Amino acid sequence: MSIVIQNISKSYQSLQAVDAISFEVKEGELFGLIGPDGAGKTTIFRMLTTLLIPSFGEAKVLGFDVVKEYKSIRNSVGYMPGKFSLYQDLTVEENLNFFATIFGTTIEENYELIKDIYIQIEPFKNRKAGALSGGMKQKLALCCALIHAPKVLFLDEPTTGVDPVSRKEFWQMLKRLQQKGITILVSTPYMDEASLCDRIALIQKGKILKIDAPATIISEFDKTIYAVSSSQKHQLIIDLKGYPSMHSVYAFGEFIHYIDKKSDFHSQDLNHYLISKNHQDIEILPIEPTIEDIFMDL
Amino acid sequence: MNQEKIITVQNLTKIFGTFTAVKGISFEVDKGEIFGFLGANGAGKTTAMKMLIGISKPSSGKAVVAGYDVVENTESVKKSIGYMSQKFSLYDDLTIKENITFFGGIYGLSRKNIKLKMNDLLTELSLQDVANKLVGSLPLGWKQKLSFSIALLHEPQIVFLDEPTGGVDPITRRQFWEMIYAEANKGTTIFVTTHYMDEAEYCDRVSIMVEGVIEALDSPKKLKEQFNVASMNDVFLKLARNVE
């Protein structure tokens with residue numbers, strides 16, 4: 001096991017940020033912490049990277065205790081915080097050199113590991129980090145977190161605020177790093193990224209709601225979800241919410257996802273109801289749930 | 001739909017030194033429309049939006065917002081619009097009530113009117129019990145809903161939302177969009193940026209910016225037909241790939 005967390009808690013004054021969480025991350029695994037802002041993801045990262053002492057519980061990274069053996073952990077893990085924390089007034093190359101030196105290595109020594117990513121920002125190596133675009137900052141931060149060839153990589157919301165194209169590229173980079181044997185713990189508020197992880201923990205308000213492989217979580221979901229559409233989207237949400245046996249109604253892009261309370265639900269009944277509410281072009285189709293559907297239902 | 005134009009942009013351009021961030025874009029937004037303004041990071045969205053809300057002067061071209069020219073009548077533009085962004089919305093170290101009073105004052109509302117609006121707003125968002133708490137203690141989702149309501153205090157004709165739902169939990173994100181729909185139904189025009197492609201589907205029309213240029217502009221349905229793909233995410237990937 002690369003990471004073992006047992007019953008770990010952290011409270012700030014009256015706020016219980018992390019509430020008795022336990023989970024394990026296997027060697028070489030790409031593990032996702034999936035949850036919204038305020039779920040406790042960053043607090044977990046800060047405890048595992050030894051920047052914050054847990055209020056209760058124990059955690060080990062690469063066999064080292066996060067409190068007693070923090071120095072050993074710091075030498076062997078890479079951490080990319082959610083907030084951009086490189087030196088804005090140093091150039092791209094200076095930042096990378098600085099982080100290499102701190103860890104007693106050189107860019108040349110581990111160049112192979114960062115090559116794929118670094119060549120994308122190399123044309124700007126003399127530009128100050130503060131003047132980079134969001135996507136380039138993110139790539140530089142990843143290079144700096146990798147420059148000492150860590151065994152475990154902690155990435156706290158690396159794709160928040162990043163556009164869909166750059167997000168896709170970033171996950172491709174993560175997959176390549178995983179193939180090089182690096183264990184990765186990554187957090188994200190984007191539920192569509194969950195399916196790209198080997199296993200995920202769904203987390204909210206400091207508690208883990210579910211841990212498993214994304215496909216298993218989806219196949220174990222026991223409710224039927226219907227994708228509903230009509231020509232009047234906003235009115236459709238309001239009318240579906242007014243349907244007597246409604247369990248939940250959530251907009252999902254082009255469609256509204258609807259779950260009914262009754263096990264003997266017939267979509268024809270709902271169709272008649274929507275016709276009576278003057279909806280046109282009605283479509284009601286059962287669909288496979290997404291991680292986001294399941295998250296909202298927990 | 002009412003075809004009255006609330007925003008008219010002609011050849012709008014912004015140059016920083018040797019870099020042209022916005023390259024002569026032209027488009028119109030109908031009154032009461034939910035208009036999605038999409039693009040990759042660095043495509044020029046924020047620069048374009050800053051010109052429309054009167055805080056950045058165009059290098060060339062013209063934009064008329066709510067009937068006012070953004071260069072000649074900047075202050076009138078600012079009075080006719082609401083604005084909220086993910087980065088800056090409210091003062092964390094003021095209470096909910098204090099934030100409402102402060103922004104009401106900034107927008108020039110009378111004390112009486114502020115009091116009236118305050119009651120409506122607190123009731124609508126079910127915030128009565130926490131009205132005297134610091135905004136900083138609110139969860140992000142609540143903060144964003146409050147921020148949206150405050151951007152509407154002075155009943156602007158159009159409201160600009162810059163990534164209003166980034167990092168917000170999935171349920172609150174949807175409640176936020178229901179607020180947007182309700183406001184659009186009252187006739188307020190919504191101009192919104194987002195990185196969530198499912199949210200692009202909630203817009204009446206969507207524009208996609210690539211390297212300072214508007215590459216596509218249509219309803220989500222027509223864009224999907226045009227690019228022959230199943231989702232707005234795929235439309236976006238087709239247009240914005242290999243840019244940076």
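# Two chains, strand by strand

Visitor: To start, in what sense do strand 11 and strand 14 of chain A pair?
Guide: Strand 11 of chain A and strand 14 of chain A pair in the antiparallel sense, over 5 bridges. Strands here are DSSP runs of E with at least two residues, helices are runs of H or I with at least four, and both are numbered from the N terminus; two strands pair if DSSP finds at least two bridges between them.

Visitor: What kind of model is this, and how are things numbered?
Guide: This is a predicted model, in which local features need pLDDT of at least 70 and side-chain atom pairs count only at pLDDT 80 or more, while totals for chains, interfaces and linings use all residues. Residues are numbered from 1 along each chain as its sequence is written, and chains are lettered from A and ligands numbered from 1 in the order in which they are written.

Visitor: Back to the strands, then: which residue stands opposite A:Ala227 in strand 14 of chain A?
Guide: That is A:Leu285. In strand 13 of chain A, the bridge partner of A:Ala227 is A:His257, and strand 11 of chain A pairs with strand 13 of chain A in the antiparallel sense over 3 bridges.

Visitor: What is the strand order of that sheet?
Guide: The sheet is an open one of 4 strands in chain A, with the order 12-13-11-14 and antiparallel pairing. Strand 12 (246-252) and strand 14 (283-287) of chain A stand at the edges with a single partner strand each, so one side of each has no neighbour in the sheet. From one strand to the next the twist averages 25°, where axes are lines fitted to C-alpha atoms (for helices over the stretch in contact) and angles run from 0 to 180 degrees between N-to-C directions.

Visitor: How many bridges link strand 12 and strand 13 of chain A?
Guide: Strand 12 of chain A and strand 13 (residues 255-260) of chain A pair over 6 bridges in the antiparallel sense, and A:Val249 stands opposite A:Tyr258 in strand 13 of chain A.

Visitor: Which helix packs on the sheet?
Guide: Helix 8 (residues 233-241) of chain A packs on the sheet and touches strand 11 (225-229), strand 12 and strand 13 of chain A, with a direction that makes about 165° with that of strand 12 of chain A. Two residues are in contact if their C-beta atoms, placed from the backbone, lie within 7 Å.

Visitor: What domains does the assignment give for chain A?
Guide: The assignment, which is automatic or from a database, gives domain 1 (3-219) and domain 2 (225-297). The C-alpha centres of the two domains of chain A lie 38 Å apart, and 8 residues of domain 1 of chain A are in contact with 7 residues of domain 2 of chain A. Helix 7 (residues 214-219) of chain A gives the largest share of the domain 1 side, 3 residues.

Visitor: And what classes of residue are on that domain 1 side?
Guide: The side of domain 1 of chain A that touches domain 2 of chain A has 7 nonpolar, 1 polar and no charged residues. Ala, Val, Leu, Ile, Met, Phe, Trp, Tyr, Cys and Pro count as nonpolar, Asp, Glu, Lys and Arg as charged, and the others, Gly among them, as polar.

Visitor: What about strand 9 of chain A, which strand does it run parallel to?
Guide: Strand 9 (residues 199-204) of chain A runs parallel to strand 3 (residues 30-34) of chain A, and 4 bridges join them, with A:Leu33 opposite A:Ala201. Strand 9 of chain A also pairs with strand 10 (residues 207-212) of chain A, in the antiparallel sense over 5 bridges, and there A:Ala201 stands opposite A:Ile211.

Visitor: What secondary structure does chain B have?
Guide: Chain B comes to 9 helices and 10 strands, and its C-alpha trace spans about 50 × 40 × 35 Å along the principal axes.

Visitor: Is B:Val22 buried or exposed?
Guide: B:Val22, which lies in strand 2 (residues 19-30) of chain B, counts as buried because it has 29 C-beta neighbours inside 10 Å. A residue is buried if 20 or more other C-beta atoms lie within 10 Å of its own, exposed if 12 or fewer, and partly exposed in between, with C-beta atoms placed from the backbone.
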